[in-house]
Amino acid sequence: MNIKLKIGFIAIAGVLAFTACKKKDTTPSVPVVQPTSPSASLTDLKNFLKANLDGAAQTFTVNEDAGQTITGSKGTVVTISPNSFQTLSGGAVTGNITVKLVEIFDKKDMIMMNAATMGRWWDGSMKPLVSGGEFRITATQNGQALKLAPGMQFQANVPAAGGVDPNMGLFYGENGSNPDTLVWTPADSALFIGQGNQYTFWSDSMNWVNCDYFYNNPNPQTVVQVTPPAGFDNSNLLLFISFDGINTIASMYHFAGGNFTTAPSYTLPIGMNVHFVAIAMINGNPHVAIVPATFANNHVEVLPALTQMTTAQLAAALNALP
């Protein structure tokens, strides 16, 4: 081989080797950044909602031997007969007892106290309810819970704003698969009367009581899905549906395939106008998204980023729901 040609090959090879080494040495290493979930705590959120519920309780001292009528600040009147209560083990109760009453009539309180209006249908599925007023009544003596004695009832008069609805009946609260998820079960409404501007009934059950009826809409039904912002799911976010113009707050419990979904528990009517309300608690502060929507067939709603709010701002936003 010609010496000049050989030297040329060697030079070219050297340049290529130098270039390759230089490229390898100078290419920056790009780290793989894993997405991080927001520091949202479902426990903190539920504690926040429970604190709202506890803070709304009105306390009354009742003489168990004489009975008494108590009136809540929102107009609920409960009449307790003498000797109505006993201990949880069936023991007799005498003297003063403590009765606590929580009244819930609007959507703001339904959400702020985690008391959505979802009812248990005859086949075990859930359906939204239209509420005429919820309340929670409990009785204790010396810090110990009491129950109604066998055969005893209390009478309740619940105000009906705008007049009574003949569809209303009596529902009791139950604990669903999650102990803090409130679900309503139809009760015997034979002693439920709507007249004038109030509902009157007699109840043999303490704790959660509701004047309700199952929401009925003749439109075709559809499963509704909601895609939360990145990093959120049902382990750190609560999602509610407010029915526009109707006193109904539905909950979306299930999460599958990256979406909250009404399946398999219930479906909703196509064409209905609603507002989705998503709430998370991040670093001790409520973060919220409120989104209007009209249900289409196989509806999928994509939520925007949540906005931090104070408790007062959240209450005002919920009060503004149509």
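Leaving aside its neighbours within four places in sequence, which residues is Phe255 in contact with?

A: This is a predicted model. Start with Phe255. Beyond its neighbours within four places in sequence, Phe255 is in contact with Pro228, Phe232, Asp233, Asn234 and Phe260. Phe255 sits in strand E19, which runs over residues 254–256. Its relative accessible area is 27%, so it counts as partly exposed. Now look at Thr227. Phe255 and Thr227 are 28 residues apart in sequence, yet their C-alpha atoms are 9.6 Å apart in space.

Next, the aromatic rings. The structure holds 10 aromatic pairs. In one of them, the ring centres of Trp121 and Phe214 lie 4.8 Å apart. Their planes stand at 90°, and over 60 degrees counts as edge-to-face, so this pair is edge-to-face. Trp121 lies in the loop between strand E6 (118–120) and strand E7 (126–141), while Phe214 belongs to strand E14 (residues 207–214). The pair therefore ties together parts that are 93 residues apart in sequence. Trp121 has a relative accessibility of 30%, so it is partly exposed. Lys127 lies over the face of its ring, at 5.3 Å from the ring centre.

Other aromatic residues gather in a group. Phe135, Phe154, Phe192, Tyr199 and Phe201 form one aromatic cluster.

Now the cores. Nonpolar side chains tend to be buried together in soluble globular proteins. Here the largest nonpolar core has 59 residues. Phe135, Phe154, Phe201, Ile241, Met252 and Phe276 touch the most other members. Take Phe154. Not counting residues up to four places away in sequence, Phe154 touches residues including Val78, Phe135, Ile137, Leu148, Phe201, Trp202, Met206 and Val209. Thr79, Ser203 and Ser205 are also among the residues it touches. A second, separate core has 31 residues, including Phe48, Leu49, Leu129 and Leu318.

Leu318 leads us to a helix. Helix H4 covers residues 311–319, and its buried residues are Leu314, Ala315 and Leu318. Those residues span an arc of only 100° around the axis, so they lie on the same side of H4. On the other side of H4, Ala312 and Asn319 are exposed. What covers the buried residues? The cover includes helix H2 (42–55) and helix H3 (107–112). Strand E22 (273–282) and strand E23 (285–294) are also included in the cover.

Notes. Residues numbered from 1 in each chain as written. Predicted model: local features only at pLDDT ≥ 70, side-chain atom pairs only at ≥ 80, totals over all residues. Heavy atoms only, no water. Buried < 20%, exposed > 50% of the residue type's maximum accessible area, 1.4 Å probe, protein only. Helix = DSSP H or I, 4+ residues; strand = E, 2+ residues; numbered from the N terminus. Arc of directions from axis to C-beta. Contact = heavy atoms within 4.5 Å. Phe/Tyr/Trp six-rings, centres within 6.5 Å; stacked < 30°, edge-to-face > 60°. Lys NZ or Arg CZ within 6 Å of the ring centre and 35° of its normal. Core = buried A, V, L, I, M, F, W, Y, C linked by side-chain atoms within 4.5 Å.
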